Amino acid sequence: MTANPGFEPTFCTIVPPHVLDTLAQSEDPALAGPARRTLERDALERTHRRLTTVLGAPAVAAPKGAAGRPDRTIYDAKHKQDLPGKKVRGEGDKPGKDATVNRAYAGLGATFDLFLKAYERNSINGEGLPLSATVHFGEEYNNAFWNGEQMVFGDGDGEIFLDFTIPVDVIGHELAHGVTQYTANLTYFGQPGALNESMSDVFGSLIKQYTLGQTAAEADWLIGAGLLAPRVTGKALRSMKEPGTAYDDDVLGKDPQPATMDDYVQTGRDNGGVHINSGIPNHAFYLAATTLGGNAWERAGQIWYDVLTGGELDSKANFSDFATLTITQARTAYGEGEELQAVTKAWERVGVPTA
């Protein structure tokens with residue numbers, strides 16, 4: 001397999017479309033209104049991404065002397081939808097009174113730190129790409145997204161979702177889409193798309209663990225913990241430890257993620273279920289990381305990172321292709337030891353065949 005050398009930025013959101021679809025059908029206008037407006041804006045952003053793919057994304061040059069240091073800029077949309085908005089904090093500026101701005105700034109830094117210190121990657125493109133984020137996007141906007149060029153965060157509706165800068169793994173998740181964009185460039189549909197989403201969940205979780213100084217055993221392995229409002233019966237958007245258990249709510253329904261291939265979901269929605277079936281490779285990583293113990297960003301994370309960025313992962317790779325490459329990489333990096341056994345058994349337990 002050979003990596004796709006093309007550059008196709010995709011529009012990637014943290015909240016799956018099926019969740020917003022459910023909310024949009026609610027009889028409660030306080031729930032349906034924000035969800036419908038969010039879906040409408042997301043559709044517009046997806047169209048913009050497709051046009052960018054055709055016309056080409058603007059090149060962003062790394063500033064001189066940026067190696068080893070982040071270059072962050074935070075903008076405030078002031079509840080409008082014009083990007084990027086007004087600049088409110090630049091690299092090195094002191095924290096202000098707006099907690100959302102401060103969290104976004106810190107989250108960009110935490111993401112930069114993990115990739116630099118754990119994997120020697122200088123920003124998400126490996127060449128010191130400046131990191132930009134817009135906060136307070138839209139009115140009650142129920143999502144956060146990477147649009148191929150920058151991060152964008154909504155404030156949530158206060159009914160189902162809170163401020164999207166609260167969980168650092170949400171920030172890390174979306175920026176990790178940029179890492180995938182600049183490396184394997186996984187097609188955003190079906191199993192390649194689910195792998196794309198899984199890569200972001202994996203590194204989003206690792207960024208949280210790295211920031212908190214947690215081992216694999218200490219981590220909660222939840223994506224978006226702290227994002228759901230108090231009225232929601234749930235703990236997060238997704239669980240890598242127990243896919244399908246993140247929420248079970250009278251409004252949102254039950255978390256649909258499968259943990260194994262036995263429950264793989266065949267669907268035409270959500271780009272072929274990219275946010276749903278990502279639970280399978282997510283769980284495989286959790287199993288490998290917790291079997292190995294210690295810091296998950298080290299051995300397990302290194303294997304996943306090396307496969308994502310190594311040039312052998314095809315843009316249309318399926319689960320089996322990716323699993324096979326992780327086994328090969330584990331053997332190359334660590335020989336026939338516990339790393340190889342942990343990775344091999346993890347894929348076996350989730351039912352993904354390997355060559």
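**Entry 1**

I looked up Phe137 and found it buried, at 0% relative accessibility; buried means under 20% relative accessible area, exposed over 50%, and partly exposed in between (1.4 Å probe, protein chains only). Phe145 likewise has 0% relative accessibility and counts as buried. The two rings form an edge-to-face aromatic pair, with 5.8 Å from centre to centre and 85 degrees between the planes. For this I took rings of Phe, Tyr and Trp (its six-membered ring) as paired if their centres lie within 6.5 Å; planes under 30 degrees apart count as stacked, over 60 as edge-to-face and the rest as tilted. By this rule I have 18 aromatic pairs. I also noted a cluster in which ring pairs link Trp221, Phe285, Tyr286, Trp304, Phe322 and Trp347.

**Entry 1. Basis of the values**

The model is predicted: local features need pLDDT of at least 70, side-chain atom pairs count only at pLDDT 80 or more, and totals for chains, interfaces and linings use all residues. Residues are numbered from 1 along each chain as its sequence is written, and side-chain values use heavy atoms, with hydrogens and water left out.

**Entry 2. The sheet**

I traced an open sheet of six strands with mixed pairing, in the order β1-β5-β6-β4-β2-β3. Helices (H or I, at least four residues) and strands (E, at least two) are DSSP runs, numbered from the N terminus; two strands pair if DSSP finds at least two bridges between them. The edge strands, each pairing on one side only, are β1 (12-13) and β3 (86-90). Strand β1 runs antiparallel to β5 (residues 144-146), and two bridges join them.

**Entry 3. Salt bridges**

I have 12 salt bridges for the structure, each a side-chain nitrogen of Lys or Arg within 4 Å of a carboxyl oxygen of Asp or Glu.

Arg37 pairs with Glu140, the closest N and O atoms being 2.9 Å apart. Arg37 lies in helix α2 (residues 29-55) and Glu140 in the loop between β4 and β5, so the pair ties together parts 103 residues apart in sequence. Arg37 is partly exposed at 38%, and Glu140 is partly exposed at 34%.

Glu91 and Arg72 form a salt bridge at 2.8 Å, N to O. This pair links the loop between β3 and α3, where Glu91 lies, to strand β2, which holds Arg72, 19 residues apart. Glu91 is partly exposed at 32%, whereas Arg72 is buried at 11%.

Arg299 and Glu339 meet at 3.0 Å, N to O. They join helix α8 (residues 299-309) to helix α10 (residues 338-349), 40 residues apart. Arg299 is partly exposed at 22%, and Glu339 is buried at 9%.

**Entry 4. The UniProt record**

The unreviewed UniProt entry lists residues 74-181 as "domain: Peptidase M4". UniProt positions are in the numbering used here, feature names are shortened, and annotations may be inferred rather than shown by experiment. I found this span to be 32% helix and 18% strand, with its end C-alpha atoms 22 Å apart.
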